[in-house]
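Thanks for coming, everyone. I would like to walk through a few local features, so please have a look at the model first.

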Amino acid sequence: MKVYWYWPYIRDELLALARAIPDTGDDEVVVHAMAGRLAGADTSGPGWRVAATLPAVAPRDEGSMRWAASRATTYLGQARARRTLLRDEPFDVAHVMFLNYFVDAFDLRAVGKRQPLVVSVHDVVPHQSRVPGTVERALLGRQYTAANTIVVHHESVRARLVAEFAVDPARVHNVPHWVIPAPAEPRARPSASPQILFFGALRRNKGVDVLLDAFAALPDRDLRLVVAGRGATDVEQEVRDAAARDPRVVAEIGFVAEARKHELFRASDLVVLPYTEFSSQSGVLHDAYAHHRPVVVTDVGALGESVRDDGSGWVVPARDAEALAETLTTALANGEAWTRAAAHAGSVGLDRSPDATARRLRAVYAAAAAHSPHAPQT
């Protein structure tokens, strides 16, 4: 089976999943990515390769006219490049790993005319709306009807698609979010001088302001909070201001390379996801699992359900700085509970390894191909 993956923003480490997809000598996966996206030397191997021909997004100030014009041009260029590759090469299945409703509400139907189409839905609704609500819902609904097969990473995402967009539940397949193996350093107990890590995009829905308020209320002078990532200018500045006020806060603003990411997770004792609005599963949560680190999350999207089911940490209400502060203190003070949560976090990786995820995806692809109008008639 030859599979096309549309994944503009794939990172080097995620190629482990591509490598795991081929199961026989006849299998091949082609990863369509943005030019210059992958820094690693290996962009091909037995049964897989990267086609880095998608136009890259130019750096612009978010929200500016130049930003909007640049994004529109890039998104249309990416759609054209996608159609070109699918036209020039025969594929048994096309899997769009990353959706953009500005383009895909209109382009996916054309993509699905050539081969069975699978789409991944990470966020049922965007973290940040850029168009009026009625327009956004119409675009999302049109996008979700374009493919016969949808992949989600948690049952809560599936339930929202069914409830809010009337998606046929038979079309939706739950493939748990993968855990990419990492150079982990498991611990028996929290450090004597514990470190809390917030990692990832600094969006307004990530609750960074709530986290900073919660941390400021903690009296322990041996604690440290590291905020690493980049995003909205005002959120970045808020983190810098907090670091200027409190020497326990470390602001590591900017792009974080893979090696540095591993260092940050290994140095941490807790990973905190204090999100205020969220409608998906989290890659950062699974980065914590890869490094055997327990988590404190808010009860939004799939976060709370996942952590309760996995036994990997603590769940608090969103937007509640007092509850977050109390839970951070409890998590670090209770050594036995911390140890159990860390062990559970590490064990999740076995069931969600690239090989295990690849087996689940291959089953989805086989079903999509068998039930597609493109399948040969007997």
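How are H6 and H7 oriented to each other, roughly parallel or roughly perpendicular? This is a predicted model, in which local features need pLDDT of at least 70 and side-chain atom pairs count only at pLDDT 80 or more, while totals for chains, interfaces and linings use all residues. Residues are numbered from 1 along each chain as its sequence is written, and side-chain values use heavy atoms, with hydrogens and water left out.

The axes of helix H6 (residues 208-216) and helix H7 (residues 233-245), which are lines fitted to C-alpha atoms over the stretch in contact, with angles running from 0 to 180 degrees between N-to-C directions, come within 10 Å and cross at roughly 10 degrees. The two helices H6 and H7 are therefore roughly parallel to each other, a label given to angles under 35 degrees. Their contact, meaning heavy atoms within 4.5 Å, is made by Val208, Asp209 and Leu212 of H6 together with Val235, Glu238, Val239 and Ala242 of H7.

Turning to helix H9 (residues 283-290), seven of its eight residues are buried, that is, under 20% relative accessible area with a 1.4 Å probe and protein chains only. These buried residues pack against several elements, including strand E9 (195-199), helix H8 (258-267) and helix H12 (335-351). Ser282 caps the N-terminal end of H9, with a side-chain oxygen 3.1 Å from the backbone nitrogen of Val284, and H9 is followed by His292, whose phi is positive, near 60 degrees.

Finally, strand E2 (residues 28-34) and strand E4 (residues 48-54) run parallel and are joined by five bridges, with Trp48 of E4 as the bridge partner of Val29.

Key:
Buried < 20%, exposed > 50% of the residue type's maximum accessible area, 1.4 Å probe, protein only. Helix = DSSP H or I, 4+ residues; strand = E, 2+ residues; numbered from the N terminus. Polar contact = N/O pair within 3.5 Å; in protein donor to acceptor, adjacent residues only side chain to side chain. Parallel < 35°, antiparallel > 145°, perpendicular 65-115°, else oblique. Pairing = 2+ DSSP bridges.
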